[in-house]
Structure formats: C-alpha cells, structure tokens
Amino acid sequence: MANPQSDALIPTYNFKEVPRRGAIANTGTIYTRSFKGRYRNIRILVASALALLFFVTSWLNWNGRQAVWWDLEQSRFYIFNATFWPQDLTFLSEIMIFSAFLLCAATVFAGRVWCGYSCPQSIWTWAFMWVEKISEGDRNQRIKLAAAPWSGKKIVKRAAKHSLWLLISLATGIAFIGYFVPVRELTQSILLGDWFCQSVFWVAVIASLTYINAGWLREKVCSHMCPYSRIQSAMLDKNTRVIAYNPARGENRGSRKREDDKHALGLGDCVDCSLCVQVCPTGIDIRDGLQMDCIGCAACIDVCDTVMDKMAYPRGLISYTSENQQQGQQSQPLLKRPQFLAYMGAAVLLLGFMAFTLYNRELADIGVAKDRTAYRINSQGQVVNVYRLKITNKTQQTGYYHLALADNNFAGDKSLMLTRSHKITLEPGEIYDLPVSVTLQGKTDSAGTRQFLFSLIAEHQSEPVTQKKAVFIYPKY
C-alpha cells in the first residue's frame with residue numbers, strides 16, 4: 001500500500017509541535033538507543049574538550065593564586081595575567097553580545113549546531129545517558145527494567161545509575177563554584193565535612209540543578225525552558241544547512257530484505273526501521289520535517305547511514321542539507337547572504353572595539369571623593385580643598401607612582417598646588433586610601449568652581465597612567 005506521504009514533499013521547515021514518537025506510551029519517557037558514527041565522534045571530541053576546559057581550568061595556578069578566579073570578596077576577576085575590576089564589567093556584557101552575534105551567524109549557516117555539539121545542557125545530558133547505558137543496559141534493556149517489578153537486581157542498577165549521576169553533579173557543582181571560591185579550599189572543606197557554609201550550599205544548588213536538568217528534565221529544558229528553540233526560525237532561511245530527511249528518495253517507506261528489489265516492491269530507500277526516532281534525545285521523528293525540538297545533534301544521520309550501509313544504499317537519506325538543495329536548487333554562497341554578513345559584521349566590529357578598549361584599558365584607577373566641607377582658609381591665607389582618593393593598582397606587578405595635578409586653568413599666579421608631594425607604592429591589586437589637600441595660590445575676584453585633574457604617574461614615566469577629574473571650590477577672596 002502506498003504511503004500517502006509520498007504524494008508530496010514533507011516540508012523541511014515545520015516548526016509546529018509534533019508528538020514525540022520516541023517516548024514510551026503512558027510514561028512519556030524517552031529511552032535512547034546507543035549508536036556509532038562520524039558526527040557522534042565529532043560531538044564526543046568537542047564535548048570532551050569543553051568539559052576538560054571547564055573542570056581543569058579552575059585548578060590551574062598563576063603567580064601564586066588561582067589562574068581564573070572571580071574574587072567576589074575583593075570585587076576583582078583574575079584571568080591569568082589580567083585583573084578586571086567592577087568598572088571593567090562592561091567587557092563581560094560585550095563578550096556576551098559578541099557571543100550572541102556568533103551564535104546567530106552559526107545558526108544562519110548550520111541551524112542549531114551549538115545545541116547539538118556545544119551546549120552544556122546537551123553535553124551533560126549525553127553524559128548522563130551514557131551512565132544509563134553502562135549501569136542499566138541499552139534501550140530495550142532499560143525499557144524492560146522500567147516495566148519490571150522491584151527486585152534486588154533492579155535496586156542495584158538504579159542505585160548505581162543515580163550514584164554516578166550524583167557524583168557527576170557534585171563534581172560539576174564544585175567546578176562551577178570553584179571559579180568564585182578557591183577550588184582547593186572548597187574541595188578540602190567538603191572532604192573534611194565542613195558542609196555548613198555558604199560555599200557548600202551553592203555547590204549543592206548547582207549539583208541539584210545539574211542532576212535535575214540532565215537526569216530528569218533533559219529534552220524538556222531544550223523544548224520548553226530554552227528560548228533558543230522558539231526564536232531559531234527567525235534566523236533560518238532556505239540556504240541554512242539543517243538536518244533533514246529526503247522524502248523524494250525515502251518514500252514509500254517499508255521493510256524489506258537486502259536482496260529485495262525495492263523498485264519492484266514500489267519502495268523508497270527508507271526501510272521504516274524507526275532507528276532515527278530511537279536515537280533522538282528529544283524523541284522526534286525527523287521524517288516529519290524539521291521541528292523546533294530538533295537540537296541538531298545528527299544522531300539520526302549517524303544511525304541512518306549505518307542502515308544504508310547495511311542495505312548497500314547510498315548514504316545521506318538523512319543529512320545536513322538546505323531547503324534549496326532539497327528542491328534541486330543551488331544554495332547561495334555564505335558570503336553573499338545578507339543575514340550572515342550582518343551578524344558576522346556586527347561581531348567583527350564589536351571584537352575590534354573590545355580589542356581597542358582592552359589595549360587602552362587603564363592599569364590603575366583613581367576614585368575621587370571631595371570632603372563635605374566646601375573649602376577652608378589656612379594660616380597662610382590660602383584656599384584649601386580636601387579630597388579622599390582611592391587609588392587602585394589593577395596590574396599584577398608592584399606599582400611605584402607619584403601624584404600630580406594637571407590642566408590648571410587659573411590665570412596668572414592663581415594656580416592650584418598639592419600641599420605636599422605624594423609617592424605611592426602599591427602591591428598587585430592593592431587599593432590605597434589617600435587624603436589629599438589642594439591649595440589655591442593668589443586671590444580671586446569672585447566665588448566659583450574650577451575643574452582640574454588628579455594625575456597618577458608611574459616611576460620613570462612622564463605620561464600619566466590614569467587621570468581623574470575633580471572640582472575645586474573657592475570664595476571671593
């Protein structure tokens with residue numbers, strides 16, 4: 001009997017919600033099947049590199065401290081030889097915007113490639129599914145185990161699975177909080193049983209979220225909690241390379257033996273084995289068209305290619321392709337697609353701006369707070385203003401500086417001077433409070449205010465490291 005789907009091409013872009021065919025009836029649970037393939041190998045390689053980066057980086061030391069550390073207590077962020085302060089947090093927002101533009105450009109090119117290969121939710125979910133396989137068996141074994149009554153064997157397998165899940169979750173919590181609290185001290189506290197502290201509480205929070213998201217929620221996070229699945233359709237076009245099934249080649253579906261003549265049976269290449277559904281982590285059937293639940297992991301491509309090899313059919317029944325290619329048209333070159341160029345152009349411009357501002361970033365900072373007393377007259381008859389300076393060495397080397405005044409706009413002998421000279425030595429990251437008195441030389445015809453600059457000049461240099469505006473208040477005197 002002919003499949004009615006053969007009468008028309010299944011649309012490549014189908015963002016309506018389709019029932020998850022991989023979910024077991026009555027439970028809604030998705031049991032994924034293990035598989036092998038080139039895209040799986042790529043995903044494992046990428047995921048392993050990112051996981052290694054995440055777990056190892058916080059353990060690296062640099063100049064006697066943790067190499068990457070967000071010191072909340074001292075309000076500073078260390079990245080190897082660079083130190084960032086709260087006033088530098090604009091870089092964080094710029095990095096996030098830059099990453100968003102790159103993500104948009106990648107989506108225009110290859111759909112949800114980020115979700116399939118690099119998203120932490122996907123990486124941890126695949127890791128938890130691997131734990132399921134080694135502790136409870138492959139798909140059919142897990143289905144039978146779930147349906148079986150409770151027994152000693154079932155309890156042991158479930159306990160092994162959840163113990164490994166909790167172990168991975170705990171390691172994740174320690175690694176994450178270890179970027180905010182020295183990871184060695186944190187780990188030592190946990191091992192010594194010092195659990196009633198704020199740091200361990202947050203480790204428990206992150207571990208619990210990891211356990212729930214990767215162990216229980218899984219595809220629900222991607223489908224219902226992540227906004228990316230909802231907005232991706234705005235970034236895709238007919239040239240975007242997405243995972244798609246080729247109905248013109250695959251229909252009509254039907255089982256057969258390898259030696260059977262598919263043409264004589266009126267069948268296409270799809271043997272209707274449903275393995276593409278069984279390996280899908282979100283439980284969709286890619287043959288229904290591209291859906292918003294598809295995370296672009298290419299598991300269906302790998303398993304379908306395996307089936308095609310066994311049947312001696314060409315690979316690519318499910319493949320990375322575009323809507324134009326499926327309709328027999330040529331895809332537009334990437335560099336001629338306005339949407340991609342717009343996203344990449346914005347990313348490049350922002351990257352250039354970040355590099356410029358980072359290169360010109362001040363390595364020291366002066367905070368100026370004027371005394372509540374507007375001014376006073378000293379014993380020499382001079383007008384005096386008092387300021388409190390907060391000077392910060394933002395480098396990781398000891399700094400030797402002296403303080404000076406700059407841009408004095410008073411005419412004649414009416415000049416501003418420091419009451420005394422100030423030579424300052426600051427250790428790496430040190431913040432120094434310095435009271436400073438500024439005097440006005442000469443008389444004034446009327447009361448008013450005047451702006452000037454405090455300049456911090458490094459030893460053996462003539463140009464100031466940083467400058468900060470201040471206001472001098474004077475009476476008619």
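What follows is a walk from a pocket to some strands, then to a few single residues.

**Before you click**

This is a predicted model, so to speak with some caution: local features need pLDDT of at least 70, side-chain atom pairs count only at pLDDT 80 or more, and totals for chains, interfaces and linings use all residues. Residues are numbered from 1 along each chain as its sequence is written, and side-chain values use heavy atoms, with hydrogens and water left out.

**Stop 1: the pocket**

Select Phe54, Leu92, Trp114, Pro120 and Phe176: of the 41 residues that line the largest pocket, these lie nearest its centre. A pocket here is found on a 1 Å grid over the protein atoms alone, as an open set of points where a 1.4 Å probe fits, with protein on both sides within 12 Å along at least five of seven lines; lining residues have an atom within 4 Å of a point. The volume comes to about 1600 Å³, taken as the space filled by probe spheres set on the points, with grid points joined across faces, edges and corners.

Now colour by element. Those giving two or more residues to the lining include α1 (38-57), α2 (90-110), α4 (120-136) and α6 (152-177), along with β3 and β4. Helices (H or I, at least four residues) and strands (E, at least two) are DSSP runs, numbered from the N terminus. Which helix gives the largest share of the lining? That's α2, with nine residues.

**Stop 2**

Strands count as paired if DSSP finds at least two bridges between them; β4 (residues 76-79) and β5 have three. To see one, pick Phe77 and its bridge partner in β5, Phe84.

**Stop 3: a strand covered on both faces**

Jump to β6 (residues 242-245). Val242 and Ala244 sit on one side, Ile243 and Tyr245 on the other, and all are buried. Buried means under 20% relative accessible area, exposed over 50%, and partly exposed in between (1.4 Å probe, protein chains only). Alongside runs β7 (residues 318-321), antiparallel and joined to β6 by four bridges. Show Ile243 with its bridge partner in β7, Tyr320.

**Stop 4: a four-stranded sheet**

Next, select β13, β11, β15 and β16, which form an open antiparallel sheet in that order. β13 and β16 (464-474) are the edge strands, and the twist averages 30° from one strand to the next. Between β11 (399-406) and β13 there are four bridges; Gly399 is partnered with Leu426. On its other pairing, β11 is joined to β15 (residues 448-458) by six bridges, with Ala406 opposite Leu453.

Look at the two faces of β13: Ile424 and Leu426 make up the covered one, Lys423 and Thr425 the uncovered one.

**Stop 5: Glu427**

Step along to Glu427, in the loop between β13 (423-426) and β14 (431-440). Is Glu427 buried or partly exposed? It counts as partly exposed because its relative accessibility is 43%. Leaving out residues up to four places away in sequence, Glu427 touches Asn393 and Thr398, where contact means heavy atoms within 4.5 Å. With Thr398 there is a side-chain to side-chain polar contact at 3.3 Å. That term covers a pair of N or O atoms within 3.5 Å; within protein, one must be able to donate a hydrogen and the other to accept it, and residues adjacent in sequence count only if both atoms are side-chain atoms.

**Stop 6: Ser163**

Go back to helix α6 and find Ser163. Its side chain reaches the backbone oxygen of Ala159 at 2.6 Å. Ser163 is partly exposed, at 46% relative accessible area.

Zoom in on the peptide bond from Glu251 to Asn252: it is cis, with omega near -5°. Asn252 lies in the loop between α11 (247-250) and α12 (275-278).

Then pick Ala298, which has a positive phi of about 70° although it is not a glycine. Ala298 lies in the loop between α12 and α13 (299-311) and is buried, at 1% relative accessible area. Finish on Ala312, in the loop between α13 and β7, with another positive phi, near 65°.

Key. Axes fitted to C-alpha atoms, helices over the stretch in contact; angles between N-to-C directions.
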